[in-house]
Amino acid sequence: MSKSPVTVLGLGAMGTALATAFVTGGHPTTVWNRTPGKAEPLAALGAAAAGDVAAAVTASELVVVCLLDHDSVQETLDPVAAELAGRTLVNLTNGTPAQARETARWAAGHGIAYVDGGIMAIPPGIGTAQAFLLYSGSRPAFDTFAPALELLGTPHFVGEDPGLAALYDIALLSGMYGMFAGAFHALALVGTERVPAAEFAPMLRDFVTAMAAGIPHYAHQIETGDYASGVVSNIAMQSAGFTNLLDTAESQGLSPELLAALGPLMARRVAEGHGAEDVTGIVELLKR
C-alpha cells in the first residue's frame, strides 16, 4: 500500500530529523529550505528537493513546518496560502498558545486544515521510543495523517483548541528548565570545593528522580486546592531551611540567582498563615 506524500519545510537539525524519519519510513518526501544546500543529504536518501516553497507545498497533501520561530512561519507561508488551500498543515515550530491560535485562524481563512504541534525530543531522538509529540487543532486532519506522524514519535492529541499543544509544550519545557536550573546550581556548588561534577552527577540524578515521584501528588493538591492533606514536610520547615541554600551559595562565592526566587514565595506563604501546609501552595501566589 502506497504511503502518503509528505512535504517538510525547514531543514535545521530538527527539520532534517523529521524529514529523515519520513523518508526512511517509506513516505515520498519533498523538502525545502531557505539554504538549498541543506537538502543535499536528504536528496541522497531519496527525498525530492523543491526549488521554492510553492513547489514544495503542492507536492503533498501533508505539509510539515519546522522553522525558527512564528515570524519565520508567517514569512514562509503567507505567499503560498493559495497553494496550501485544501491541504493539511502541521506546524511543529516552537511557539506560544496565542501564536498557534493566530496561525489556526489564518489557516481557516485560507481553507487549510491546521494542526499545531510540540516536539518533546531532541533531533537524535526523533523516531525512537523516547520521543513523543503533542498535537492539537483539527482532529480529522490529525487522524488522517496519524500513521505518518507516528514515525516521528508517539503522538498525543491533546484537544481541538489549536493552542493546547503549545501550552503543554511550554509547560513541559518549564518543568525541564526548572530542573536544569537546580541541577546546574548543584553541580556548580559542589565544584566550589573541587568535587568532580561527574562524580556527583549520578547521586544528583538519583535524588531528583526520587523526588519527581511526588509530582502526581502535587498535581492533585493543585487541582483540588487542598494543600493540607498528605503533608510530610510542611512549608514552614522548608522555608526555614531554604535560607541555608542561599547562604551557602553566597559563602561559597556562588550566585544564588537560579534558586533565589523560590525563597520569598515560601516566606510569604508562611506569613499568610499556611505554614502547616505543603510547599505546593506557593502556586496560589503565582496566580495573583
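The model is predicted, so local features need pLDDT of at least 70 and side-chain atom pairs count only at pLDDT 80 or more, while totals for chains, interfaces and linings use all residues. Residues are numbered from 1 along each chain as its sequence is written, and side-chain values use heavy atoms, with hydrogens and water left out. Helices (H or I, at least four residues) and strands (E, at least two) are DSSP runs, numbered from the N terminus.

**Nonpolar cores**

- The largest nonpolar core holds 32 residues, and Leu18, Val64, Leu92, Tyr135 and Leu152 have the most contacts inside it. Such a core is a set of buried Ala, Val, Leu, Ile, Met, Phe, Trp, Tyr and Cys residues joined through side-chain atoms within 4.5 Å; buried means under 20% relative accessible area, exposed over 50%, and partly exposed in between (1.4 Å probe, protein chains only).
- Elements giving two or more residues to this core include β1 (6-9), α1 (13-24) and β4 (62-65). Helix α1 provides the largest share, seven residues.
- Leaving aside neighbours within four places in sequence, Leu152 is in contact (heavy atoms within 4.5 Å) with residues including Leu18, Phe22, Leu92 and Tyr135.
- A second, separate core of 20 residues includes Val57, Leu67, Val80 and Ala104.

**Helices α4 and α6**

- Helix α4 (residues 70-77) packs against helix α6 (residues 97-109) at an angle of about 10°, with their axes 11 Å apart. The axes are lines fitted to C-alpha atoms over the stretch in contact, and angles run from 0 to 180 degrees between N-to-C directions.
- That makes the two helices roughly parallel, a label for angles under 35 degrees.
- On the α4 side, His70, Gln74 and Leu77 meet Gln99, Glu102, Thr103 and Trp106 of α6.

**A buried histidine**

- His185 sits in helix α8 (residues 164-191) and is buried, at 8% relative accessible area.
- Beyond its neighbours within four places in sequence, its contacts include Ala249, Leu254 and Pro256.

**Salt bridges**

- There are six salt bridges in the structure, each a side-chain nitrogen of Lys or Arg within 4 Å of a carboxyl oxygen of Asp or Glu.
- Arg101 pairs with Asp161, their closest N and O atoms being 2.9 Å apart. Arg101 lies in α6 and Asp161 in the loop between β8 (154-159) and α8, so the pair ties together parts 60 residues apart in sequence.
- Arg269 and Glu277 form another salt bridge, at 3.2 Å from N to O. Arg269 is buried at 5% relative accessibility, and Glu277 is buried at 18%.

Key
Angles under 35 degrees count as roughly parallel, over 145 as roughly antiparallel, 65 to 115 as roughly perpendicular and the rest as oblique.
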